[in-house]
Amino acid sequence: MVRGILGKKVGMTQIFDDDGKVVPVTVVEAGPCIVVQRKSVDRDGYEAVQLGLVESSPRRDAPKPIQGHFAAAGVPPTRHLGEVPVDPDDESKPGDSVLADIFDADDTVRVIGRSKGRGYQGV
C-alpha cells in the first residue's frame with residue numbers, strides 16, 4: 001500500500017481549538033495522484049512508486065522524452081513527480097490512483113516543501 005501522496009499548498013488560514021485558541025493551519029490540496037512508474041529492487045535497487053500529481057489542466061508542453069515516459073505507463077503527463085517508498089509485496093501498478101483517503105484522522109504526516117527561490121532581492 002502506498003503511504004504517501006503529493007500535494008500543492010493552497011494558502012493559510014486559522015481554526016479555533018476546543019479551548020478557543022487560534023491555531024494557524026496550512027491548506028494543502030492533496031491529490032489525486034496517479035502511479036507513473038514502479039521501481040523494483042531488480043531493476044533500480046530499491047522499492048518505490050513514482051507518483052504524478054493530477055491537476056485541473058493537463059500538461060501540454062511536455063518534451064518528447066517525457067511524453068514517452070508517461071505513454072509507457074498509459075497515463076497523461078503531469079507537472080509534478082515524486083517517489084514514495086513501498087513494501088516489496090505492494091501490488092500498485094502504473095495507472096493506479098492514489099487519493100488522500102489512505103490516511104486516517106489520527107495519522108501523523110511528514111510534510112516536505114520546496115521554496116520558489118527568489119534570487120537576489122536587493123534594492
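Reader: What makes up the covered face of β5, and what the uncovered one?
Author: Gly82 and Val84 form the covered face of β5. Leu81, Glu83 and Pro85 form the uncovered one. A strand here is a DSSP run of E, at least two residues; a helix is a run of H or I, at least four; both are numbered from the N terminus. In a regular strand the side chains alternate between the two faces of the sheet.

Reader: What kind of model is this?
Author: This is a predicted model, in which local features need pLDDT of at least 70 and side-chain atom pairs count only at pLDDT 80 or more, while totals for chains, interfaces and linings use all residues. Residues are numbered from 1 along each chain as its sequence is written, and side-chain values use heavy atoms, without hydrogens and water.

Reader: How do you know that β4 and β5 pair?
Author: Pairing takes at least two DSSP bridges between two strands. β4 and β5 have 5 bridges and run antiparallel, so they pair by that definition. In one of these bridges, Leu51 partners Gly82 of β5.

Reader: And which strands make the sheet, in what order?
Author: The open sheet has 4 strands, ordered β5-β4-β3-β6, with antiparallel pairing.

Reader: Why are β5 and β6 at the edges?
Author: β5 (81-85) and β6 (97-98) each have a single partner strand, so one side of each lacks a neighbour in the sheet. Helix α2 (residues 64-73) packs on the sheet and touches β3, β4 (48-53) and β5. Touching, or contact, means heavy atoms within 4.5 Å. The direction of α2 makes about 90° with that of β3, using lines fitted to C-alpha atoms, for helices over the stretch in contact, with N-to-C angles from 0 to 180 degrees.

Reader: Why does Arg38 count as buried?
Author: Buried means under 20% relative accessible area, exposed over 50%, partly exposed in between (1.4 Å probe, protein chains only). Arg38 has 17% relative accessibility, so Arg38 counts as buried. Arg38 is found in strand β3.

Reader: What makes the link between Arg38 and Glu47 a polar contact?
Author: A polar contact is a pair of N or O atoms within 3.5 Å; within protein, one must be able to donate a hydrogen and the other to accept it, and residues adjacent in sequence count only through side-chain atoms on both sides. The Arg38 and Glu47 side chains are joined at 2.7 Å. A polar atom of the Arg38 side chain also lies 3.0 Å from the backbone oxygen of Asp90.
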